[in-house]
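Reader: Can you take me through the aromatic side chains in this one? Start with the terms, please.
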Amino acid sequence: MSDLYTKKEVEDYVTNVVFERPLGVSIAAILLIFNGALLLVTQLLTLNALNEASTLVGICRGMFQGFIALLGLSGATAGVGMLFGKKWAWWLAVFYFTYETMRYTCAILFIPNVPPILGGVHLSPDLYYVKYGMRIVWNLLFTVFMCRSTVTGFFQTSGINKWKACILLFLINGVMVGIGWWLMN
C-alpha cells in the first residue's frame, strides 16, 4: 500500500468513482490521454520539420510549437481529469472536441489552398475531404456523448445548460480557428 493514500481512501475512490464512471467516459479519457501524448511525442520527433512548416506558413516558431504542445497537454490533461470525474475535465474535453471539430471544418473549407501554401505532396482533394470529414463526425459524436445525462451526472455538470455551452464553445473555437487561417493567408 502506498504511503500517499490510506486503505480507506483507496476503497472510497474505487467504490465511489470507478464504479460510477460510465464506460464511454473511460474510453474517451483513454483516447484523449493517448492522443495528447501521441501529439507531444510526434511534436518532439518532428521538431525541425514543424519549425520549417511554421516559416512556410509565416507563423512564429515558438507560437506554433507552443500551440501544438498546449493542444497535446490539454488532451492528456482532460483525459486524466475525466478518469477522476473532475468537473473541469468535462469543460476541457468538450472544448477539445469542439476545437477539433472546428479545425477540421476549417480544413475542409480551405483544402484547395493547403497544398500550394505548404508546398507539399499534392494528393487528391477527395482524400482530404474523406479524412477530415470522418474526423469531424468523430469529434461531433464525442461532443454529443459528453452532453448525455449520464455523463453530465458523473461530472456533476447537470445544472449547466450543456447545449448552450457547446454552442458557445463552437463559436469561440470557430473564431479562434478562423483567425488562425486568416493569419495564414
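Author: Buried means under 20% relative accessible area, exposed means over 50%, and partly exposed is in between, with a 1.4 Å probe and protein chains only. The model is predicted, so local features need pLDDT of at least 70 and side-chain atom pairs count only at pLDDT 80 or more, while totals for chains, interfaces and linings use all residues. Residues are numbered from 1 along each chain as its sequence is written, and side-chain values use heavy atoms, leaving out hydrogens and water.

Reader: Is Trp90 buried or exposed?
Author: Trp90 is buried, because its relative accessibility is 0%.

Reader: How many aromatic pairs are there?
Author: Rings of Phe, Tyr and Trp (its six-membered ring) pair if their centres lie within 6.5 Å; planes under 30 degrees apart are stacked, over 60 edge-to-face, and the rest tilted. By that rule there are 7 aromatic pairs. One of them is Trp90 with Trp91, edge-to-face at 5.0 Å centre to centre and 85 degrees between the planes. Trp91 is partly exposed, at 34%.

Reader: What about Phe97 and Phe142?
Author: They are stacked, with 5.0 Å between centres and 10 degrees between planes. Phe97 sits in helix α5 (residues 87-109) and Phe142 in helix α7 (residues 125-146), so the pair ties together parts 45 residues apart in sequence. Helices are DSSP runs (H or I, at least four residues), numbered from the N terminus. Phe97 and Phe142 are both buried. Together with Tyr96 and Trp138, they form one aromatic cluster.

Reader: Changing topic, where is Thr157?
Author: In the loop between α8 (149-154) and α9 (162-184). Thr157 is buried, at 2% relative accessibility.

Reader: Which residues does Thr157 touch?
Author: Lys87, Trp90 and Thr152, not counting residues up to four places away in sequence. Contact means heavy atoms within 4.5 Å.

How values were computed
Helix = DSSP H or I, 4+ residues; strand = E, 2+ residues; numbered from the N terminus.
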